[in-house]
Amino acid sequence: MLASAGKWQIPGCPWKPSPAKVRGFFLLAALMLALFSCTRPMVKPAPESPTAREPTIRVLLTSGSEDQLQFNGTYRLAAEEADYLLDASHGQFQVSVHNHRIVLKSPARFFDLVDPQPLTFDPVSPKASFVWNGHSYRGRLILILSNGQFQAINQLPVEAYLLGVVPNEMPSGNPEYREAVRAQAVAARTYALHRLQHPAGEQFDVFSTVQDQVYWGSGGRIPELVQEAVEATRGEVLVAEGQPAAIQYHSTCGGILEPPIQNDSAASAQPDSSEGLFHCSASPLYRWVEKRTVSQLLHNLAAVDGSAAKELPGWQKKGVQVALHVRERSPSGRVALLDVEVDSRHFPQRGYGVRQVLADSLGRPLPSRLFFLLKSQKNPALFYIIGAGWGHGRGMCQWGALGMALNGNGYRNILHFYYPNLTLKKLY
Ligand SMILES: [Zn+2]
């Protein structure tokens, strides 16, 4: 049905607008639209009735007996006799252990407090930060004495923690990576919240190293894309049965993802591709070739196997026959069992041990277990490893996430692709 100007009418509606009424209607509609836009941005989905508050997380920065500490902005150290306010004017403190107490010494101040131990330093202003061994942190610092050493623990809100994690996990210099950085923020938050329920230590929740997620503090300059990604996904995590899931992620799968660890041994591997395009093919470790000598292999074997270590001098002296046999592969083709045979003795290697026994001369493990072996035709003491990917291949492939983002996918799509059995939920 066509409507002509000045005569339009909704069928069955008795209201016949005059030109003045039409103008008024549009003005009112425009005003309402403007008000609506100001109060409720259309781009953000409504929160799914978040029930929890943002938690804090305790991160172990270091364990040691001597470290350096400096304050930027004002921090409060509460002691039994008084509160001490500390800032940059106190200079750099040397932190050490003396007479079973943690002692702080700078050119300007000396603290040897009997009580309290542990020592807790709280920021007085929200922008205050402290520098611990060259990295800048926000939030609370706790120094705890443990077996003659001290543990330095940074306690801060989870979202602030993520600002110090995400930049180490995903390149954040290119706006085209936006959705991948958002996916990474959700993955890192999920990991952290799961850890809160399964802490890594008695006094802390997570390590600040690759044991958990690499964290270098959020007191320095944070890339804009990371700030935006953490804020845009605030409180969002992947859940299983209502709880933050135990998730994994890795750098590059090499084109084929490893199914999650589960009892179902028949789980099939999923290609990291859509419409014939492999998501992580731009990764520098998508394909690689490594070269190893038999002598290097024997050294590595001695490093991971005590009985091989005892034999090594004898092997080096007399010379040995060495063979490598791939005995088992996982559903994705990753080597699950590698048998190192030395003069008819067998040294089976599984899981990460496979990567360790094929480490390079600097001790760096093989990038992944997705490989096949090739003997050198000219030199019997040399062999090649032709492989793909970097990491275990489980969960999100980070280079794949970048590829999916460049291909126009949103972070929800990316997460759904890599974690199809988990649900995205806003917890706070
Ligand atoms: Zn991949």
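Reply: The arrangement around the zinc ion is tetrahedral, because the 4 donor atoms subtend angles of 101 to 121°; four donors count as tetrahedral if all angles lie between 85 and 135 degrees. The model examined here is a predicted one. The protein supplies these donors through the SG atoms of Cys253, Cys280 and Cys397 and through OD of Asp272, at 2.1 to 2.4 Å from the zinc ion. Along the chain, the donors follow the spacing C-x18-D-x7-C-x116-C. Cys253 sits in the loop between β16 (249-250) and β17 (256-257), and Asp272 in the loop between β18 (270-271) and β19 (273-274), so this pair ties together parts that are 19 residues apart in sequence. Cys253 and Asp272 are both buried.

The setting of this site may now be described. The chain has 428 residues, of which 43% count as buried. Its secondary structure comprises 10 helices and 28 strands. Of the contacts between residues at least 6 apart in sequence, 65% join residues at least 24 apart. The chain exposes about 23,200 Å², and carbon and sulfur atoms supply 54% of that area.

Among the helices, α6 (residues 294-304) and α7 (residues 306-318) pack at an angle of about 145°, their axes being 6 Å apart. In this contact, Leu298, His299, Leu301, Ala302 and Val304 of α6 meet residues of α7 including Leu312, Trp315 and Gln316. The residues of the contact of α6 with α7 comprise 8 nonpolar and 3 polar ones, with no charged residue.

Conventions: Residues numbered from 1 in each chain as written. Predicted model: local features only at pLDDT ≥ 70, side-chain atom pairs only at ≥ 80, totals over all residues. Heavy atoms only, no water. Donors = N, O, S within 2.8 Å, 3.2 Å for Na, K, Ca; no water. Tetrahedral: all angles 85-135°; square planar, octahedral: opposite > 155°, others 65-115°. Helix = DSSP H or I, 4+ residues; strand = E, 2+ residues; numbered from the N terminus. Buried < 20%, exposed > 50% of the residue type's maximum accessible area, 1.4 Å probe, protein only. Contact = heavy atoms within 4.5 Å. Areas by Shrake-Rupley, 256 points an atom, 1.4 Å probe, with all protein chains shown as cover. Axes fitted to C-alpha atoms, helices over the stretch in contact; angles between N-to-C directions. Nonpolar A, V, L, I, M, F, W, Y, C, P; charged D, E, K, R; others polar.
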